[in-house]
Amino acid sequence: MNIAVLAKLVPDLVEELSIDASGAKLDTSFARLIVNEFDDHAIEEGILLKERFDGQVTILAPDDEGIDDVLFTAAAKGADRLLKLKGISAMETSSHALARAYADVVLELKPDLVLAGVQAHNDLDGSVGSLLAGMLNLPYVGYVSGISMQDGQAALRKEYPAGLIAELQVTPPAVLGIQAAEQPPRYVAVSKVRQAMKSISIEERTVAPTESPAVPHIGRMFKPEAAQHAIMLAGAPDEIAGKLVKIFKEIGVI
Amino acid sequence: MNSTSMMPKQEYYDAMLHAVQKGERLRLCLECGTCSGICPFGHVMVYPPSRLIAMLRADRFEKVLKTDALWMCVSCYACTAFCPSQIPLTAGLMARTKEELLLAGNVPAELQDALANSQRYGNALGESPRKRADWIGGITPEVKVMAKAKEPVDVLWFVGDYASYHPRVRSTSRAFATILNLLGVSFGILGPEESSDGDSQRLAGERGLFEMLAEKNGKAFGKYEFGSIITTDPHAYNALKNEYPSLGVTYPVQHYTEFLADRLDQLRPMLKREVKAKVVYHDACYLGRVNGIFEQPRALLQAIPGLELTEMAHNHSNSLCCGGGGGGMWLDGFQWEKVHVRLSDLRVQEAVAANAGTLAVACPYETPRFEDAAKTVPGASGLCVKDIAEILVEAVDSEGGQK
């Protein structure tokens, strides 16, 4: 089985985020990047699939600072091929453009399953996995938290709100949005990562991002602002009730 | 994990023999069982050191790698200290076996988080490296951060993870800064350029991570001019003194209790305020048992007027570990599931039995561990847990103690 995993970096929320002078985007010069948590789960699920059902795992990632470490770590866990998309940064690119950049490479790899994190905290125009599936006309299932293969079919566990779990079946090729791997992403010893750096190299593909006109335009980016403070009503219960009715009438709720 | 990453079993014995210097002393094991008897978790270890050696000799080591009980080892060094054959059990056999468990993917999840945090952020707590010096805010004279101060200092203070980030331990760091300022010491810290000393990660089997962190610290040290290093952290002290030199990072280093004991003549006249308390001192494993620093912390306490120093049942080289070493700091949940008791509880019981009002410590792991234990141990609700630096500041400050 041929598995492709899409992984991108996002700003690490352990660091304070700041907004740049334009007032419409993050100041990326100070942001430290970390692999998107859901993508990390997608990598883990890919490795688990390989261990259980055999196959080859290829990790695809846009070229942002720190991505090499993520790729080599994935190799130390068991990934077979590492592919870096040169000329495209996940920090500067919309999900639409990112999906388009992935599309050509995915077509070439012809994977049975494409695994992507179901979302990222900086997705503004939808998740990359679902957009990619649309572009390639492949089935997409999101919020997947378990995959098993049987007779060429993929049996999926999909999470719904309120604790509902669905079991679905999909015929590969398909794109899956991973909510959680079946076990937490494994820790891999530094010595193993260093070994991987020596034994595997990162392949590079140059892609040119093509932005979509449908991508939302950011007018202003700002930190949460304190809303107006509460009004404290004093007096006897009857008095307070009277004041409340007056306020409700003023703002038009009664 | 795939089995190719595992060594063929006949090679385990060799690997253990060559894990550390003098590792080959393993051959001298008498199977006397002292190590397993003195181990604070020996009763639940399944394979305490002596059985581990027996399994190696019987070529049944693969069985060991299928259990997780070895993660109960807190690297307290008691087995090593009392081994009649002087086998380096803690740093060799135990750490090397943990490394095998780690490579085989047999690691409790909570330990994985601490290791991943150390790798990514340079501290086990997963805090922003940029905030490493935030604790110095408001201290006068200002604590120098080397990158900003751009001037040589006499001593570089290696602060460590918990002393930099843990809210309780930060107050100890502030107390020690106060003392250094009172003594007029020219000192500085690395702040954001400092990484975890890595010693506990090493003893938890992550040798590669330890080397990576040591390399980073070595680079940071190399950028600045200073005479020697002092540290408030016995684990950092051990790493800097005994482990970093083999990686090419060699500086004279002192634990702060050594540093202050050397300056007791200067410090003593400042200790004017009586601290009326019956105090027991807890010997930190990596200060006392491992590095032989028993008397300096006691000398500092005895220099405080009004303070009565007494001993707990386990003291000096026979001290009982707080449970935080060798990865224990990050395995509280795991260990609780196994034994339903914390070593810090047992230690606090000893402090209560000694009728102590204050439990004095000199290691950043201990204040939070013992304070937590004192919340649940019967009779310990009135027990104060304080670092020696904090008690010293109380004794000099006529305004009623440092906040």
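In what order do the strands of the open sheet in chain B stand? The order is E7-E6-E8-E9, and the pairing of these 4 strands is parallel.

## Basis of the report

This is a predicted model, in which local features need pLDDT of at least 70 and side-chain atom pairs count only at pLDDT 80 or more, while totals for chains, interfaces and linings use all residues. Residues are numbered from 1 along each chain as its sequence is written, and chains are lettered from A and ligands numbered from 1 in the order in which they are written.

Helices (H or I, at least four residues) and strands (E, at least two) are DSSP runs, numbered from the N terminus; two strands pair if DSSP finds at least two bridges between them. Strand E7 (307–310) and strand E9 (384–387) of chain B each have a single partner strand, so one side of each lacks a neighbour in the sheet. From one strand to the next, the twist averages 35 degrees.

Strand E8 (residues 358–361) of chain B is joined to E9(B) by 4 bridges, and the two run parallel. Val361(B) has Asp387(B) as its bridge partner in E9(B). Helix H19 (residues 366–374) of chain B lies across E8 and E9 of chain B, at about 180 degrees to E9(B); axes are lines fitted to C-alpha atoms, for helices over the stretch in contact, and angles run from 0 to 180 degrees between N-to-C directions.

## An enclosed strand in chain A

A residue is buried if 20 or more other C-beta atoms, placed from the backbone, lie within 10 Å of its own. Strand E6 (residues 113–117) of chain A has 5 of its 5 residues buried, so it is largely enclosed by the rest of the structure. Leu113(A), Leu115(A) and Gly117(A) lie on one side, with Val114(A) and Ala116(A) on the other.

Strand E1 (residues 2–6) of chain A runs parallel to E6(A) and is joined to it by 4 bridges, with Val5(A) opposite Leu115(A). Strand E10 (residues 174–178) of chain A is also parallel to E6(A), through 5 bridges; there, Leu113(A) has Ala174(A) as its bridge partner.

## Contact between the chains

Residues are in contact if their C-beta atoms, placed from the backbone, lie within 7 Å. Chain B gives 19 residues to the contact and chain A gives 10 residues. On the side of chain B that touches chain A, H7(B) contributes the largest share, 6 residues.

Notes: Contact = placed C-beta atoms within 7 Å. Buried ≥ 20, exposed ≤ 12 C-beta atoms within 10 Å, placed from the backbone.
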